[in-house]
Amino acid sequence: MYIYIILINILTFITFGIDKKKAILREQRISENTLLVICLIGGVFGGIVGMLFFHHKTKKIKFLLSMPVILLIWSCFLLNF
């Protein structure tokens with residue numbers, strides 16, 4: 001389980017970085033829903049670090065509201081695991 005959490009968070013962090021790079025280059029982007037789903041399936045820690053590190057999606061209301069809720073859900077899950 002912990003290996004999955006580590007790997008999905010690394011993947012999520014990298015995905016946020018790729019999307020930021022695509023935004024700068026004005027290329028086709030990764031959808032916001034895809035980013036949120038990756039966070040929802042366990043990559044929320046990597047997503048938050050990616051948002052802060054790459055300064056990406058930090059002003060989007062959808063992310064500002066969703067990420068704390070997903071973080072809370074995963075934190076409760078991991079504390080009870």
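Student: How does the radius of gyration of the chain compare with that of a compact globule?

Tutor: The radius is taken over C-alpha atoms, and the globule rule is 2.2 Å times the number of residues to the power 0.38. With 81 residues that rule gives a value near 12 Å, and the chain has 12 Å, so the two agree. Along its principal axes, the C-alpha trace spans about 40 × 25 × 20 Å. Before we go on: this is a predicted model, where local features need pLDDT of at least 70 and side-chain atom pairs count only at pLDDT 80 or more, while totals for chains, interfaces and linings use all residues. Residues are numbered from 1 along each chain as its sequence is written, and side-chain values use heavy atoms, leaving out hydrogens and water.

Student: Which elements does the chain have, and in what order?

Tutor: Elements are DSSP runs numbered from the N terminus: helices are H or I with at least four residues, strands are E with at least two. Here you get 3 helices and 0 strands, running α-α-α from the N terminus.

Student: What makes up the largest nonpolar core?

Tutor: In soluble globular proteins, nonpolar side chains tend to be buried together. A nonpolar core is a set of buried Ala, Val, Leu, Ile, Met, Phe, Trp, Tyr and Cys residues joined through side-chain atoms within 4.5 Å. Buried means under 20% relative accessible area, exposed over 50%, partly exposed in between (1.4 Å probe, protein chains only). The largest core has 11 residues, including Ile 5, Phe 16, Phe 63 and Trp 74. At least two come from each of α1 (2–24), α2 (32–54) and α3 (61–80), with α2 giving the most, 5 residues.

Student: Which residues does Met 67 touch?

Tutor: Contact means heavy atoms within 4.5 Å. Leaving aside residues up to four places away in sequence, Met 67 touches Leu 36, Cys 39, Val 44, Gly 47, Ile 48 and Met 51. For the chain as a whole, 74% of the contacts with a separation of 6 or more join residues 24 or more positions apart.

Student: How many disulfides does the structure hold?

Tutor: A disulfide is a pair of cysteine sulfur atoms within 2.5 Å, and the structure holds 0. Why? The sulfur of Cys 39 lies 17 Å from the closest cysteine sulfur, in Cys 76, which is too far for a bond.

Student: Is Cys 39 buried or exposed?

Tutor: Cys 39 is buried, at 0% relative accessibility. Cys 76 is partly exposed, at 40%.
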